[in-house]
Amino acid sequence: MVETFDAGTIACHVLVDGGRSVSPRFVFRGYDDAVQGPFVRPYLDADGKLAGRFAALLIEAPDGLVLVDAGLGGFAGDLDGGNVPQELEILGVRPWDVRTVIITHGHADHVGGLLGPRKDPAFPDARHVIHRVEADFWASEDAAALPDDAGAPALAALQALLEADLLDLIASDVELVKGVRAIEAPGHTPGHLAVVIGDALLWAGDAVISPLNAPHPEWVSAADMDAQANEATRRALFARAADDRLMFAASHLPVAGTVERDGDAYVLVER
């Protein structure tokens, strides 16, 4: 069943692309069981891992459907993933119904689903938006040198979108359509974006991946390319959600809720 938020007058649907369980040493870089274990252990499964999900977001904006990321698509491999098309079908949405796609960043679980079975754009009638810094990174030698060919999905998706003239680059916060604003949220990747919907919902992408990131925003993940920048981004996003009373949700975050200040940190109150 697709989870739905009411962001003011705008309906938003969480599309679960799949999931996997990972070591706490991935979610929390430099994990020290003596220090972090008492907080983390209640979240561990029987195998000592943290359950996670891959998720995209569909926004019923007044100017047309907006999709935030697209899941793993054909890059799922042995992972449980690639289910965004089925999630859209449940909602009665066809690929050509989507008018705008926001690419928060270039990791495979966010861009793989931008390509169809023939490696052409999966959403052929949509403008696709990515931060210029993010696009430049995935086209760089640094991205090409990442282990396990991690840059290949982003490069393939961006090339296909460029060839189809469907890619727009942004360089700052911008309202893309009425009620949907992309905001800079760097750190997880160089040009990572978050999304604010109306005056009601903040979708943090991968800037936040655990409920424990609220009380401990300094506990960055092994996947964060710039740990210091992502901690600053987390604090800024939590502060915005708390001060503006926004619902807070994210791609891998297993819960959604409201954010409250707690000294120099925060508390995520599950809705």
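Which backbone nitrogen does the side chain of D45 reach? In this predicted model, local features need pLDDT of at least 70 and side-chain atom pairs count only at pLDDT 80 or more, whereas totals for chains, interfaces and linings use all residues. Residues are numbered from 1 along each chain as its sequence is written, and side-chain values use heavy atoms, with hydrogens and water left out.

The side chain of D45 reaches the backbone nitrogen of D47 at 2.9 Å. D45 is located in the loop between α2 (33–40) and β3 (50–61); helices (H or I, at least four residues) and strands (E, at least two) are DSSP runs, numbered from the N terminus. The relative accessibility of D45 is 31%, so D45 counts as partly exposed; this class lies between buried (under 20% relative accessible area) and exposed (over 50%), with a 1.4 Å probe and protein chains only. The C-alpha atoms of D45 and I209 are 17 Å apart, at a separation of 164 residues along the chain.

Salt bridges, defined as a side-chain nitrogen of Lys or Arg within 4 Å of a carboxyl oxygen of Asp or Glu, come to a count of seven. One of them joins E3 and R271, with the closest N and O atoms 3.2 Å apart. E3 is in strand β1 (residues 3–7) and R271 in the segment after β14 (265–270), so the pair ties together parts 268 residues apart in sequence. E3 is partly exposed at 31% relative accessible area, and R271 is partly exposed at 48%.

Another salt bridge is formed by D243 and R261, with the closest N and O atoms 2.9 Å apart. This pair links distant parts of the chain, helix α8 (residues 227–244) for D243 and strand β13 (residues 257–262) for R261.

Notes
Polar contact = N/O pair within 3.5 Å; in protein donor to acceptor, adjacent residues only side chain to side chain.
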